[in-house]
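Hi,

Here's the structure I said I'd pass on.

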Amino acid sequence: MDFQHRAGGKTGSGGVASSSESNRDRRERLRQLALETIDINKDPYFMKNHLGSYECKLCLTLHNNEGSYLAHTQGKKHQTNLARRAAKEAKDAPAQPAPEKVKVEVKKFVKIGRPGYKVTKQRDPEIGQQSLLFQIDYPEIAEGIGPRHRFMSAYEQRIEPPDRRWQYLLFAAEPYETIAFKVPSREIDKAETRFWTHWNRETKQFFLQFHFKMEKALIAPPGQVPSLGMKRPPSLITGLGPHPHSDSMPPPPPGGMHGMPPGAPMPPHMPPPGALPPHMRPPLPMDG
């Protein structure tokens, strides 16, 4: 048979492939593609029988090898049966009720105005730490509700233009309006003894006090032990006063000091004998 002069054939080629050859090539390409994308061991419809062949439990078909089964899974019959099975399971499955959302009852109160307040500025007499004491009066507070408070950044509020130098302290209690105090945006000392709140149920008064953290370490007065959180100052010689300023000292003579060449370093300045304690200075005429 002349395969070279058939319609569609090219000289030197093997001729036009028949339909069976095209189908065989297509199935081989599908098998290779399925092997790369599908794990046959996880297919619920794949089964190997006692004869060594493979079955599709969905379509009830027999296959001689895994490649044939994988090519079948990409075919129209298997895909149609998959769609039918999914539709049937969706129809037969009972409707699952949607989980009920937890309903939170919103308490509504009629605002009766702003509470009375008192702000006291304080400073620790020992270390000089600054603090603020707030007293808020809630005489008509609702039953079973306690006052709440929080710090708010200047960028959270929408009343004033944001300024990083300030922050806000808010107090809230129903049915009163929420009030806010503008305080410096400094770090708050959260120590147990430096930040505390108290709600007096009898007088209906809420107290809050907080301290600002120390920006610089302060030196305690002489004879007093520094408190916690302060840096202990370096030890100083008792009875030795501060050195006089260098401007008060007369300049050295042009030829240098006696016994020292010009340009030699100056000796350390010593205080006058009267400024030294008795056990460190030579005897004076007035000491007898």
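Below is what I found in it.

First, the ground rules: this is a predicted model, so local features need pLDDT of at least 70 and side-chain atom pairs count only at pLDDT 80 or more, while totals for chains, interfaces and linings use all residues. Residues are numbered from 1 along each chain as its sequence is written, and side-chain values use heavy atoms, with hydrogens and water left out.

There's an open sheet of 3 strands, ordered E1-E2-E3 and antiparallel (strands are DSSP E runs of at least two residues, helices H or I runs of at least four, numbered from the N terminus; strands pair if DSSP finds at least two bridges between them). E1 (46–48) and E3 (61–63) are the edges with a single partner strand each, so one side of each has no neighbour in the sheet. E1 pairs with E2 (residues 54–56) over 3 bridges, and Met47 has Glu55 as its bridge partner in E2.

Helix H2 (residues 66–73) is mostly covered, with 6 of its 8 residues buried (under 20% relative accessible area, 1.4 Å probe, protein chains only). Leu70 and Tyr69 are among those buried. The cover includes helices H1 (19–37) and H3 (76–92) as well as E1, E2 and E3, through contacts (heavy atoms within 4.5 Å).

The largest nonpolar core has 19 residues (buried Ala, Val, Leu, Ile, Met, Phe, Trp, Tyr and Cys joined through side-chain atoms within 4.5 Å). E11 (205–212) is one of the strands supplying at least two residues, and its 4 residues are the largest share. Apart from that core lies another of 10 residues, including Phe46 and Leu70.

Cheers

Key:
Buried < 20%, exposed > 50% of the residue type's maximum accessible area, 1.4 Å probe, protein only.
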